[in-house]
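Please consult the sequence and the structure while reading.

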Amino acid sequence: MHKRTTLRSLAVAGLALAMPLVLSAGAFAQAKPFKIGFILPMTGQSASTGRQIEAATKLYMAQNGSTVAGRKIELIIKDDGGVADATRRIAQELVVNDKVDVLAGFGLTPTALATAPIATQSKTPMVVTAAATSMITEQSPYIVRTSFTLPQVAVSIAEWAAKNNIKKVVTLVTDFGPGIDAEKFFKSQFQLNGGQVVAEIRSPLRSPDFAPFLQKVRDANPDALFVFLPSGQGAAFMKQFAERGLDKSNIRLIATGDVTDDDQLNDMGDVALGVVNSHHYSAAHPSAMNKKFVADFQAANKFRPNFMGVAGYDGMRVIYKALEATKGQGGGDALLAAMKGQIFESPRGPVLIDAQTRDIVQDIYIRKVERKDGQLWNIEFDVQKAVKDPGKLK
Ligand code: PHB
């Protein structure tokens, strides 16, 4: 008797235990983790891009929580070494095996281009938080970009140069997508304003030696040298520029902010002082939001955020808000629709994800490298508001 009661009560208890499991099956499906697969160069010559974006995504999650609309956010970070073949393989694995809800990252243009067909085929939103060749967003309707484009920034510095008594320029860019965009858009805007580009030099992407190019610049003796190099190469360039005494010459150095990158700027020394450049983000941007962003970022990482970091941070914002808008349901097309048209304040300033182009619209600043409190900063002194990618204004 005693035993039977025990068994029956056990059976009842078992049923009671089983019930919530049955009832919560739907809720369980709803609550499966939401996976964001970041593919980044964590090693190789663009490793600073991966380190910056990883740190920024983690900061965003620390500040905003790791659950959105009932879904636990699972961040997966994979290293492609900046090599497109690796990116393609990793993207396939993330989509097929891990079943990620969103692909993100892409430190270099070729890695973004390699992934675009996979995003299209699998209808997976692909948030580009680094690569900056204009045409990337046209390679898949599932691409959204939170970084910038080279035409956006090259046009502004060309205009500044023409208005500041610079008449003859040599351009030096890295020989791949963003460099070619920079060269082309700098030249057309500079010529439009009466300037002349007297030589166009391209350096290789991998392990460049700038010495022979700098000799050519010296020989051409322009009023200014305009430079674009991808994030991570600025310090090596500056060192060679100074070693050849070009910082003491009459040739002025102007650049996109990729060269006076906040990640390396502080180690560049006096050669960087006075370099005028254009970009969308400075760690010295004087907004309250940016001050907090920089302070929190530095407290967590012991290094300064750069433009790659801020684009990773904003990429997370775009993904979180899209998931929220779908009430946690997700789904490629629904997420993408909710990413388009997002308008918000970034640490860089106000931004918009253009609903037509899926590219970012943002303020572009003219900055000068200055020393403040013993550190080097890109100090903003002029701004062009709400710049759309000129590469798409055909
Ligand atoms: C790119 O590969 O598109 C790229 C990389 C680094 C930059 C800018 C653009 O700083």
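Two residues are said to touch, or to be in contact, when they have heavy atoms within 4.5 Å. The model described here is predicted.

The protein contains 12 helices and 15 strands. Its C-alpha trace spans about 105 × 45 × 35 Å along the principal axes. Among contacts with a separation of 6 or more, 69% join residues 24 or more positions apart. Further totals for the protein are set out below.

| Property of the protein | Value |
|---|---|
| Residues counted as buried | 55% of 394 residues |
| Accessible surface | about 16,400 Å² |
| Share of that surface belonging to carbon and sulfur atoms | 55% |
| Positive side chains | 46 side chains |
| Negative side chains | 38 side chains |

The centres of the positive and negative sets lie 7 Å apart.

The interior comes next. In soluble globular proteins, nonpolar side chains tend to be buried together. The largest nonpolar core of this model has 90 residues, and I36, F186, F226 and I254 touch the most other members. Helix α11, which covers residues 307-325, supplies the largest share of this core, with 10 residues.

Which residues does I36 touch, leaving aside those up to four places away in sequence? The partners of I36 are I73, E74, L75, I76, V102, A104, M316 and I319.

Key: Residues numbered from 1 in each chain as written. Predicted model: local features only at pLDDT ≥ 70, side-chain atom pairs only at ≥ 80, totals over all residues. Heavy atoms only, no water. Helix = DSSP H or I, 4+ residues; strand = E, 2+ residues; numbered from the N terminus. Buried < 20%, exposed > 50% of the residue type's maximum accessible area, 1.4 Å probe, protein only. Areas by Shrake-Rupley, 256 points an atom, 1.4 Å probe, with all protein chains shown as cover. Lys, Arg positive; Asp, Glu negative; His and termini not counted. Charge placed at Lys NZ, Arg CZ, Asp CG, Glu CD. Core = buried A, V, L, I, M, F, W, Y, C linked by side-chain atoms within 4.5 Å.
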